[in-house]
Amino acid sequence: MPRPLFQTLYARLALGLFLLLVIVGGLFTALSLYSVREYSAAVGQELNRDLASHLVSDRNLVTNGTLNHSELERLFDLYMSINPSIEIYLLDHEGRILSYSANPAKIKRKHVSLEPIRQLLDNPGAYPLQGDDPRSHDRRKVFSVTPVPNAENPTGYLYVVLRGEEYDFAESMVHSDHLLQMGGGALAISLFVGLLAGLVFFRLLTRRLSGLTARVEAFAAETKDSASTGIADDTSVPGDDVDYLAARFDQMAARIASQLELLKDKDHLRRQLVAQVSHDLRTPLASIQGYLETLGMKRQELSPDERRRFLHVALAETMRLSKLVDELFELAALDARERQPVAESFMPAELLHDVVQKHRPKAEQADVTLSITSAEPAIVLADIAMTERVLDNLIGNAVDHSPKGAEVQLSVTVNGDGAAICIEDAGEGIDPQDIDHVFDPFYQAPGANRTGHAGLGLAIARRMAELQHGRISVESHSGAGARFQFWLPLADSAAKESTAL
């Protein structure tokens, strides 16, 4: 399944670029507005640096070395009418506001700091330099100032705020309308062009990564069903393509490591199997060779009974060898799934009676009793020939491991949605450390006798049970016999499962 677009590296980069452009654009706009304000303030202060002194000289505010207050009042009235962008204040030598050309209701200060005033008088080129705004307790404005009545004998200051309340109102109107429209349009165009260019560049940059991610996803989908290493194949990986590829790499590395361990185990089993097969093949071959060589060299010295006995033993070993080779081929065919079951409905109780009758002569010869304790009616869906072969192996194994005079009990019971055929012997039992290996090919407990037993019967039985969607289990304790249970699905439940699939 393709990964969602928002989880790709391309989408993450595009979103990051968009947010970066928005942040940069916002910072640029804020800095631009601030710079424009500072620039206009500096220009305004530079152009009107001598405005206060010109007002004093042009309006004849000083007469005979004293301040003409009547002329000052007319100046206040005049500038409130013709130039409301500036505000004029008369300060005493301590900065107290004596009179002004402004609405008295909006004046919030009674005192203005003299520090910026003295800085500007000492250094007229220090701009923009801001002083206190009488209309606010915290706002500061650029200004022009001159001592009155004169610089030689000052008694106060003519303090002119260059960007008064009317100027602020007009500026806010312009900025909120025209300037912001122009700035917003330029910012939007810049963001769009930058985003478009970034998307094209990121696409060129990440298309190979996207192609690699698609190939990894396709490979994972193809190998998901065939993977049997027990490694969780979780496709819900959080993050982008890099995180996904890193997680997939870890999964594949874990799977490869698991498969290497599995190959090591398989190689060990193969070596062990080859050694066991070699042993089981070598034993009857050596016996056959020994008896035939003895017959060839001492034919004249042996009596007819001895020759018959030697030939009988050689023939028995030949039959044992033939059976072993047949079981090897049968087990290989089952592992390779070359032999597939042909399922049909039948009653396992009837098949069990037939198999018991077939094994009764061998059991009587071993002085073992075969008895069917219960046979519940049930119809299973399985391969009759394979089921009979499994019962042959289980009953034969029970007879071989039962002492003389013992009884092998058999039963058929309905167990859940299947029928269970149980074979219970009274033999020596299975040690707890060996019970997990009884179905392994050629496995024999330490000290067990191999005569006449190749160790493939139970392995073949388990393979055949699994091919029919059945199972075989064993319960045993050392010295208390063994109980094998062969389970097959009922015909009705098997049909429902097949329909659901």
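This is a predicted model: local features need pLDDT of at least 70, side-chain atom pairs count only at pLDDT 80 or more; totals for chains, interfaces and linings use all residues.
Reader: Where does Asp132 lie, and is Asp132 buried or exposed?
Author: Asp132 belongs to strand S5, residues 130–132. Its relative accessible area is 7%, so with buried meaning under 20%, Asp132 counts as buried.

Reader: Which backbone nitrogen lies 2.9 Å from a polar atom of its side chain?
Author: That of Ser113. Ser113 is also among the contacts of Asp132 beyond four places in sequence, along with Arg109, Val112, Arg139, Arg140 and Tyr159.

Reader: Switching to helix H4. Which residues are buried there?
Author: Pro116, Ile117 and Leu120, in a helix that runs over residues 115–122. Viewed down the axis of H4, the buried residues fall within an arc of 105°, so they line one face of the helix.

Reader: And salt bridges, how many in the whole structure?
Author: The search finds 13. One of them pairs Glu87 with Arg135, with the closest N and O atoms 2.5 Å apart.

Reader: What does that pair tie together?
Author: Glu87 is in strand S3 and Arg135 in the loop between S5 and strand S6, so the bridge ties together parts 48 residues apart in sequence.

Reader: Are those two buried or exposed?
Author: Glu87 is buried at 2% relative accessibility, and Arg135 is buried at 10%.

Reader: What about the largest nonpolar core?
Author: That core has 47 residues, and Ile395, Ile423 and Phe486 have the most contacts inside it. A second, separate core has 17 residues, including Leu51 and Val148.

Technical notes
Residues are numbered from 1 along each chain as its sequence is written. Side-chain values use heavy atoms; hydrogens and water are left out. Helices (H or I, at least four residues) and strands (E, at least two) are DSSP runs, numbered from the N terminus. Buried means under 20% relative accessible area, exposed over 50%, partly exposed in between (1.4 Å probe, protein chains only). A polar contact is a pair of N or O atoms within 3.5 Å; within protein, one must be able to donate a hydrogen and the other to accept it, and residues adjacent in sequence count only if both atoms are side-chain atoms. Contact means heavy atoms within 4.5 Å. The arc is that of the directions from the helix axis to the C-beta atoms. A nonpolar core is a set of buried Ala, Val, Leu, Ile, Met, Phe, Trp, Tyr and Cys residues joined through side-chain atoms within 4.5 Å. A salt bridge is a side-chain nitrogen of Lys or Arg within 4 Å of a carboxyl oxygen of Asp or Glu.
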